[in-house]
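Hi,

Here is the model I promised to pass on. Have a look at it, and my notes follow below.

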Amino acid sequence: MSLPLEGLRVLDMSQIMAGPYCSMVLADMGAEVTKVEKINGGDDSRQMGPYVEDESTCFMQINRNKRSIALNLKDEEARELFYDLAREADIVVENYRPGVTQSLKVDYETLKQINPGLIYCSISGYGQTGPYRNKGGFDLVAQGSTGLMSMTGEAGRRPLKTGVAVYDIGAGITAVYTILAAYIHREKTGEGQHLDIAIAECGLPWCTWEAAAYFGEGREPQRTGWRHRVSAPYQALATRDGYLMLGCANQRTWERFCNDVIDRPAWIEDTRFATNSDRGRNVEVLERLIEEIFASEDTDYWRQRCDAAGVPAGPINTFSQALSDPHYVERGMVQEFDHPKAGTVKTLGFASKFSATPQQIRRPSPLLGEHTEEVLDSMGIDAERLASLRARGAVA
């Protein structure tokens, strides 16, 4: 079965999360991804536990469908091998701090001399330009510096980060669609280019409602905790045995909730709750009134009533509950592959579904340098030369 990116050749020099997530998505869609790792230890995420048979499960989760070769890019002969690979590549992904690729002589300006059509994607903390370009950038720091943590958590309490590395993953996703747009451009014009993705910038465009308030009224976004910034009731609400996520994002849904879920039709005419804006201004009163009603029954009772009325609602699941939910199971959101050392490894599935070219796990996450010999053999490197390269520490 064909895959949408079949034939696309990617050299991945990145490590940890943002870059490897990008290249994994490309690989899942059929790209041939060769992961170029340093010979001593490889991708730093290989040193992040937990481990199964001494292999990092963190590494396994975002490096499936890739081959691994280990090159010492400080070695001139190894670097020449990298140039040979780059000559045939469509895309290079790297997430070194700005300046490092220049010192290694694997930067865009160098590689475009041997491959003018190359799409070269750099992912860094703050981008390739600007006063912060040389600073190390991490997801946690980006959440603080871009204002996200000033909006996350409860009013008057300690700032909170999000539960997952949204900026790292967001940078990887941003890199994917940017690479694909650049590839379409190259298909039209033959022109390659350098793509500059900053972890600290990728999340700023997501702050749409916050930008609306700030640019429209000069209003600083505040922490809203379990509530929505604009709509109400659009939040977590306490029930007899837990919480229900309730989403009344428009007037029709609000009226269904009043009439068919809680039997309070008078609230529709109540001036405090007449419009979404009114409900937002009076959200504390509204929340208290709804929770007084919800306290009479368990979460599942209210969820079933919401479902019957067409009102979006759902539980707050644990991660294990989400992964075992029949809906996500049926849609393939838990996959598995056979790893050469760790055995059967469970992994997360694909968020996008293709009717004609569905994504596949074709390879497990690779061992460090597992495919060095295979890749170099395809380049005409014989066993004697490979042994020489290994002996001098150029490859592993």
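In which strand is Tyr243 found? Tyr243 belongs to strand β10, residues 243-247 (strands are DSSP runs of E, at least two residues, and helices are runs of H or I, at least four, numbered from the N terminus).

Before the rest, a word on the basis: this is a predicted model, where local features need pLDDT of at least 70 and side-chain atom pairs count only at pLDDT 80 or more, while totals for chains, interfaces and linings use all residues. Residues are numbered from 1 along each chain as its sequence is written, and side-chain values use heavy atoms, leaving out hydrogens and water.

Now the sheet. Three strands make an open, antiparallel sheet in the order β9-β10-β11 (two strands pair if DSSP finds at least two bridges between them). Its edge strands, each pairing on one side only, are β9 (234-238) and β11 (313-315). From one strand to the next, the twist averages 25 degrees (axes are lines fitted to C-alpha atoms, for helices over the stretch in contact, with angles from 0 to 180 degrees between N-to-C directions). Antiparallel β10 and β11 are joined by three bridges, and Leu246 stands opposite Ala313 in β11.

Two helices are worth a look too. Helix α14 (residues 283-294) lies across β9 and β10, at about 45 degrees to β9. Helix α15 (residues 299-309) packs on the sheet and touches β10 and β11 (contact means heavy atoms within 4.5 Å); its direction makes about 20 degrees with that of β10.

Best wishes
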